Structure formats: structure tokens, C-alpha cells
Amino acid sequence: MNYTSFLIKYAEIAIKGKNRYMFEDALVRQINFALKKVQGEFSVGKTQGRVNIECLSDYDYDEVVSALSCVFGITGICPVVHVEDEGFDRLAEDVIKYIDEEYPDKNRTFKVNCRRARKNYPMDSQEVNMEMGSRILDAWPEMKVDVHDPDILLTIEIRDDKIYIYSKIIPGPGGMPVGTGGKAMLLLSGGIDSPVAGYMIAKRGVKLEAVYFHAPPYTSERAKQKVVDLARYISKYAGSIRLHVINFTDIQLEIYEKCPHDELTIIMRRYMMRIAEHLAKENGCLSLVTGESLGQVASQTMQSLAATNEVCTMPVFRPLIGFDKNEIIKISEKIDTYETSILPYEDCCTIFVAKHPVTKPNVNIIKRSETNLSETIDELFSKAVETDEVIVVS
Amino acid sequence: MTAYLDNSATTRCFDEIREFMCEIMDKHYGNPSSMHMAGVEAEKYIRYAKDIFAGILKVKPKEILFTSGGTESDNLALIGCARACRRTGKHIITTKIEHPAVLEPCKYLEDEGFEVTYLDVDGSGRVRPDDLKEALRDDTILVSVMYVNNEIGSLQPIAGLGRIIKEHNRDTLFHVDAVQGFGKVRISPVREHIDLLSVSGHKIHGPKGVGLLYVGDKVKIKPIMFGGGQQKGLRSGTENVPGIAGMARAAELLYDGFEAKTDRMYGLKSYFTDELGRLEGVSINGLADDIRETAPHIISASVEGIRAEVMLHALEDKGVYVSSGSACSSNKPAISETLKAIGVKKELLDSTIRFSMSVETTKEEIDLALSGMRELLPVLRKFKRH
């Protein structure tokens, strides 16, 4: 079937009152961004409270649908066939041909739903519905009408210039268009969880920056490349991402030398949060995002989260907090990050992990351990921040 | 300055070979199977390559078969011979320390109904001839033993093993994976009773993506790839003319003044292992009483208390390139079967790195590696995982 345009449905945006135009503009912008990588020419516009994509040249249907399936804010993608208005008989022929191509198995129920934007069409909507219904039944007696819960809801839209026919709705990813919800700093590690957390936050319209803590020689160039690759997968949904790579080795070694080993992970994470918050402020982000899930590992018990959270004043979003590992894996497979995430390169969280880390850290004890670092840590902190290498991924 | 000491993973292509291959791609791009002049020109390079290898191995040119590399050569030798001989018997013998390019085809053949015996090795990584004698059966069709082990550099007593096999049964085939051995030792298939021998181009300063399999002319073998029937139907597919010619030229260069080159490498190896052995908590794996009973280019060292990956990246930082265990198995950090087989202590399995030299390796490079090690050991030992 040759579709001439795509009608984009969105749900949440429609209820945004006076801000609505902002959300729609963001959606149009994101659709344009997604279609840039698709072969063909398209024109994206807002008409009558809907977003329309006109296909101006040949294109690959699957490629377009898969690109649009990554644009947050879209709840449904309707491929539309346009026909000229050459009288009702001709329209009926076109509709019957459309059904034949679209639905090889005719054993289905249907309902015709006519919308007239052009009010001077010789028949009113009700008449079109009834007459078109009977023409379809004449053509395929095995089809049945069901006005309450039809298998096929066939929409015929009569417009000034053309008539639109559509019936299929391909589900979109939902959420809100990226860029409408502020900007956040994602702590990206290279594991399975953090890319999923980034995806989930981007889904709510948030633009992302990301920070990765690199610890050479304990972590390799390949581990860093892996994180860049993961950011690239997220950017398919979230738009371009600025990835900050911070050299964390010296801080990590200092903690190792001066603090109790069972508290290493907690103290290390506290410094990661501090650096992330510092970068977030410098880059106009309003929150931090992590892939933590309650109780998953020692550093993600409620006590541990409280201890790491304590160093930040910014809100820290943990979209996976209530997810099981399997649920997280499912999403990571959907967004294609799983295979990259499980590549076996060591990341900075695992290199010095103690055999029995504290699972219920007491903030006061942790703070006391951190005083061992007081002489050196400020300098190491600012040195680490200076190593910030920004990689723009899209 | 940098020290590239990962020559068992791959070697730098000799300068002159790059130019040689470019010229072939530019001027003699014909298909060697074509009837016209351009085809004949291209075919000349194939003949040239066969002559070179026939000369080095002291075999007939028609016994040289070109492949895409060591892995394909090993697969063809094992699977091709097993299929051709399956009516005679279904027993195959190999060792526990072979490269995956031999072990994986063996596993595949086990699924196909063959029976495989995996020989143990001694502490220096060598097969005990008596073990082979015991393992040989009337239905043994094929024995596959590597010339030089890629992880520890142990050198197998190939000629002795070959004699044992042929004394037991002249028809039992002997395959030798010489991917690490060719270019480092003199190999003579006829004298050493070898029926099939695998060689790879990029381990001998030639290009990647090309290799060869020597197939003695009485060997029963079937193709494992099917197509246009090139190379007597045993290996279909248009020959990789520039690759084959480049690999041959590399071999020619390598075997020119061969004894002097290997003497020099043994000298370096001996210096390197002595100095390394002096470092605290460093042990060398696969050493033999006489250094000449090991390959001249591979040194495997276990470093107490430091994980191989960390050591590798720390050395990298100093411009020294090495690998952890064997490069082929190091992107999946599985514990090395070879190291286990020679009895390396459990806590050292994950702390073993490999230095591998080539004819181009200099004393300066070795010294850079040594000074790097001396500097890093105390620092890295301070920070270790619990």
C-alpha cells in the first residue's frame, strides 16, 4: 500500500491548556529530527489540533515507522491514503480497494467514521457512513458492521482539497516530546540499568546530559567506548546527548587508601553524586538521574540510597526504583542497549568492591570516615572536574 | 617510545609488503581463473606464493592450499578429514591446550558422532609422548597438535609425536596448527610426519584475512565450502591474490637469514625472562630446561596480586602493549584452559599476562616493558580487590 501521509496522534499534550503550542512545536521538532536520518522528503505540520507528515517523495515505510516509534509524545501513527474527490461512487471504489489491500482476511467487523471538514460535501457524515457501509457489505458479504467495538474503524475525512482514508493505528512510544520537561544529568555506568533509566526520564520529555566515571588503568578504553555506544542508543529516543567523561581514578585510590574498605562503594558513590551535581549545575540541568533499583545490590538498599542522596540538594530521579531486574532487562532489550550493556568490561563501580560491603550504612559513620579525606579531597575533586571530556552523541 | 609486545595477537605488516600488495591491487587485479591475460598475470602470483611455501616447507607446490586464515585452515583440516575418513574410524586425538580454532571444530565433530580424546600436558605445556601412545586406537583417524602454544609458547616435540602416530598406523592423519610456529621454527612436514599444517598470514608480518593449509597429496580430505571449484574443488572462492602474494613475500623475508633472526630472539627472550623472574612475585609460565625447547617469541608471566586487565592497561599507559592470557580469548574473560592445564595456581589464573615478540622487537622495547613493570608492581599492589 502506498501511503501519502501519516497522521500523528498524541494524548497527553492535548490537555496542556495554554502551553499546548509549546508541546506541539516540540513534537514537530522531534519528528523532524527523527526523520532527518530517514531517506526521503517529508513535510511536518500542525493542522486542526493534529500533526501531519506529508510524504513528498518515495520513502521506505518500515524505516519511517521505526523512526517515528522513537519519538516520545506520539501515541499512535496512522498511515493515510489520499484520494481526489471525484464523486461518491469513485470514493466507494477507492475505499473498497483500500480495504482489499489492507485486510486480506475479510472475516472482520467494521465501522465507517466520516468526518467532514468541508461542510459543502453533498452528503452529510451520517449519510456517508451508512451508504459506504452498505457498499462495503455489497462487496464482501462476509464482513459485519459493529458500531460499538469494530475490528476496523475506517475513517473517511473529507477535506477541502482531498479525501483521506485511514484505519490502522500503529502504537507510538507515548510520553512527552523531549525538550518540554527540562534537562537532567544521567549517571551512566555501562551496566544494564542506567541506560534504561535515561530512556524512562527522556520519555517524560526531559533532555539528557550524561556523566561517565572513567578509572584508567582499572577500566579500559573499551569500557568508555561501550558507554559512548550506550549513549548513542539512548539518543535515538532522547535526541543528542552531551556525555561528560570524568577521570575518577585518583579520587577512587584516595578513598581506598584512607577509608574503611567496606564503606568504599558508598563513599565513592557519594563523590560521584557530588561531581554529577556540580556538572549538572554548570550545564543547566535541574535534576540527577540514576539507574538504582531498591535493594538490588548493597549500595541500593534504602539506607545506602539515603546515604548517597544526602550529599545532593538537587532532586535525584530513580525511575527504576520499583523495577525487578527482569523488567529492566525487558526494556533494555526493547531499546537495544542490552547486548552492549552485558559486554564484560569492568566498570568503576566494581573494581575495588569489597567482599562484604556495608548494606545499612549509617550516615554519621560515613561522614566521619570521609573526614580522613579532608586534606586532599578538595583538590582531587577540582582536578577530576577539570578532566571533563565532553563527547556529543547523536 | 612504545613497545608493541603483542605479536602473537598480530604483527605489523612489513613495509615492502604493503607496497607489493597495492601494486597487485592496482595493476594485476584479474581473477586467476579468467582465461585472458589479466587472469594469467594474477595466477602468476598464486604460483609464486606456492613456490615460496613449497620451498620453505620442502613440499610440493600443489600441496599448498590458500584459505582465509588460521581458523579456516584448522576447520578445513579437522572437519574435512573427519568427514573423508568417517568410514575408517571415528576417533580423534587432540590436546587440552589447543586454540579454539581446533577445539571448537572438535566439539562440533563430537556432536556429529565422533569421539575426541583430549591429551593432558606436563608443567611446561608439552604433550607426553607416552600419553599419545596410549591414546592411539585402531579407529583413530586424526591427531591434531599445535606446534607452538599461543599463550605460553611451549614447543611440542612434533617429529617425535609424528613418528609415534605413523608407527601405530600409517593412515592416521597428523594435523599441526602452526599458526604460532611458522616463521619462528623450521618446519618440515615430510620429515616430521605431518599430513596437514595450518599457517596464518598476519602472524608473520603479512596481511590479515589470508592463510594456508598444507595438505599432503595422499591425504583424504573433503571440502567444507562449496562453490566455483577453485583450488581443485577443495576450497571454492576466488583466491585472495594480493593477500596470498603478500603472505608469501612475508614468509620469504622471514626465512631469509632465519637462524640469525631466531638466535637474536632467543637472546632477547632469555634476557627478558631472567629480568622478569627477578621481580618480586613474578613467575614465568611454560619454561623448559633449555630455552630452545620453547618458542623464541612468547613469554607468559603471572604477577601475584595484580589482575591481568589492570596490569595490561597500566602498561598500556606507559606505551607497552601486551595481552592478558591470549588475545583471542580475552574479550570473554573466561579462565584460560591452557594455564589450568599446566598447573598455574588458581589465584594466578586471572593475573597472567603475555608478552610476545617478533623479529622486529628491539632490546629498547624489552627494557621499556621491564622498567614499566618495575615501576608499576608496587603501585598496583597497593590497591587490590579483596
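In which hand does α8(B) pass α11(B) in their crossing? In this predicted model, α8(B) passes α11(B) in a right-handed crossing. The axes of α8(B) and helix α11 (residues 363-382) of chain B come within 11 Å and cross at roughly 10°. An angle under 35 degrees counts as roughly parallel, and α8(B) is therefore roughly parallel to α11(B). On the α8(B) side, the contact is formed by B:Leu268, B:Tyr271, B:Phe272 and B:Glu275, which meet B:Lys363, B:Ile366 and B:Leu370 of α11(B). Sorted by class, the residues of this contact are five nonpolar, no polar and two charged.

The overall architecture of chain B provides the setting for this helix pair. Chain B contains 11 helices and 13 strands. Its radius of gyration is 21 Å, close to the 21 Å given by the globule rule for 386 residues, so chain B is as compact as a globular protein of that length. Along the principal axes, the C-alpha atoms of chain B fill a box of roughly 65 × 55 × 35 Å.

Chain B is assigned two domains, with domain 1 covering 3-11 + 257-382 and domain 2 covering 15-254. The C-alpha centres of domain 1 of chain B and domain 2 of chain B are 27 Å apart. To the contact between them, domain 1 of chain B gives 31 residues and domain 2 of chain B gives 27 residues. On the side of domain 1 of chain B that touches domain 2 of chain B, at least two residues each are supplied by α8 (258-278), β10 (298-303) and α10 (337-341) of chain B. The largest share of that side, four residues, comes from α10(B).

Two packed helices are described by the angle between their axes and the distance between the axes. Helix α1 (residues 15-27) of chain B packs against helix α7 (residues 241-254) of chain B at an angle of about 150°, and their axes are 9 Å apart. Angles over 145 degrees count as roughly antiparallel, and α1(B) and α7(B) are therefore roughly antiparallel to each other. The crossing of this pair, α1(B) and α7(B), is right-handed. From α1(B), the residues B:Ile17, B:Phe20, B:Met21, B:Ile24 and B:Met25 meet B:Val241, B:Pro242, B:Ala245, B:Gly246, B:Arg249 and B:Ala250 of α7(B). This contact of α1(B) with α7(B) consists of nine nonpolar residues, one polar and one charged.

The contact of α2(B) with α7(B) has 14 nonpolar residues, no polar residues and one charged residue.

In chain A, the domain assignment gives domain 1 (5-171) and domain 2 (183-393). The centres of domain 1 of chain A and domain 2 of chain A, taken over C-alpha atoms, are separated by 44 Å. Contact between these domains involves four residues of domain 1 of chain A and six residues of domain 2 of chain A. The side of domain 1 of chain A that touches domain 2 of chain A is made up of three nonpolar, one polar and no charged residues.

Two local backbone features were also identified. Most residues other than glycine have a negative phi, and most peptide bonds are trans. In chain B, phi of B:Lys58 is near 55°, a positive value in a residue other than glycine. B:Lys58 is located in the loop between α2 and β2 (64-67) of chain B. In chain A, the peptide bond from A:Pro216 to A:Pro217 is cis, with omega near 0°. A:Pro217 lies in the loop between β11 (207-214) and α6 (221-238) of chain A.

Technical notes: Residues numbered from 1 in each chain as written. Chains lettered and ligands numbered in written order. Predicted model: local features only at pLDDT ≥ 70, side-chain atom pairs only at ≥ 80, totals over all residues. Axes fitted to C-alpha atoms, helices over the stretch in contact; angles between N-to-C directions. Parallel < 35°, antiparallel > 145°, perpendicular 65-115°, else oblique. Left-handed = near helix turned anticlockwise from the far one by under 90°. Contact = placed C-beta atoms within 7 Å. Nonpolar A, V, L, I, M, F, W, Y, C, P; charged D, E, K, R; others polar. Domains from an automatic or database assignment. Rg over C-alpha atoms; globule rule 2.2 N^0.38 Å.
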